Amino acid sequence: MAFAAPLVIYLVLFYVYPLVQNFSMSLHEYDRNTFVYGGAPFVGFDIYADILGQDRFRRIVIQTAVFTFASLIVQYAAGLGLAVFFRRAFPLSSVLRAMFLVPWLLPVIVSGTTWQWMMNADNGILNRFLGLFGVDPVWWLNAENALAAVIIANIWLGIPFNLVILYSGLQNIPGDLYEAAALDGANTWQQFWRITFPLLRPVSMITLLLGLVYTLKVVDIIWIMTMGTGTSQTLATWSYAMAFGKGTSASIQYSEASAVGSILLVVALAFGLLYLALQRKQED
């Protein structure tokens, strides 16, 4: 108990209490006055019913799903390809691998501002590059293209994480298996699908789960680039905008923001339970 007490106290103070408080706020009708002084009326699940019934909610759920799964698939595929590439030692491999960590190490505000400048419609480097091939300038950050813009930036941020985790997983696969497969006549592609990919499955699962949970709650890169406008609005940025993104008290929606946050938590928890079930099945 003495060893467990510090961790339990930390979890209760910084995880359990905020989650309980957030759920409680979603069941009461808060405004700025009741948020400070208390006395918010209890409304039960009326706020959830109102949010779930909005056409805007369904549209944002679709945008969140596209943002999350597009980012996950490309990040994982690129990270896995780079991990396999760097598995074979060659001159300057460690230096190049370290350079791929730069997006992960940079402050998000620097990355977001850089991508915002690169995607500028008038003088951004991406449009200048496309112009070399005769492509007209793309308004990356307008309402219609904003989702694609933030997906590209988020993929760039997430590739180093996938690279590091998957590369570590590859180091645990015995080299004898590849030597035996080569003696049996297996080519590089067959070795990947019959050895690398199956044995990397546990690491891949936890990588995808962590990436999913992180991507679901991404606010910073989206807010810096587009402020969550147009198609780039996700559940996380919508919740943030309702609670903190507006300046007038009339527009503050603490309870609605808490309800959307609780929905996000349930989604992340569902995928976490799915991962545990798949892991238990694999162990059996």
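A: Gladly. Start with a scale: a residue is called buried under 20% relative accessible area, exposed over 50%, and partly exposed in between. Keep in mind that this is a predicted model.

Q: Where on that scale does Y15 fall?

A: Y15 has a relative accessibility of 44%, so it counts as partly exposed. This residue lies in helix α1, which spans residues 5-26.

Q: Which residues make the nonpolar surface patch?

A: The patch covers about 1000 Å² and includes L7, Y10, F14, Y15 and V20.

Q: Let's go inside. Is Q63 buried or exposed?

A: Q63 has a relative accessible area of 8%, so it is buried. You will find Q63 in helix α4, residues 55-87. Beyond its neighbours within four places in sequence, Q63 is in contact with L147, G230, T231, S232 and Q233.

Q: Which residues touch the most other members of the largest nonpolar core?

A: That core has 32 residues, and F67, I221 and M225 touch the most other members. Among the elements giving it two or more residues are α4, α7 (108-118) and α13 (220-226). Helix α9 supplies the largest share, 12 residues.

Q: What does F67 touch, leaving out residues up to four places away in sequence?

A: F67 touches L147, V150, I151, N154, T215, V218, I222 and T234.

Q: How many residues are in the second, separate core?

A: The second core has 23 residues, including Y48, A236, V260 and I263.

Methods: Residues numbered from 1 in each chain as written. Predicted model: local features only at pLDDT ≥ 70, side-chain atom pairs only at ≥ 80, totals over all residues. Heavy atoms only, no water. Helix = DSSP H or I, 4+ residues; strand = E, 2+ residues; numbered from the N terminus. Buried < 20%, exposed > 50% of the residue type's maximum accessible area, 1.4 Å probe, protein only. Contact = heavy atoms within 4.5 Å. Core = buried A, V, L, I, M, F, W, Y, C linked by side-chain atoms within 4.5 Å. Patch = residues over 30% accessible without salt bridge, like charges linked within 9 Å, V, L, I, M, F, W, Y side chains within 5 Å. Areas by Shrake-Rupley, 256 points an atom, 1.4 Å probe, with all protein chains shown as cover. Salt bridge = Lys/Arg side-chain N within 4 Å of Asp/Glu carboxyl O.
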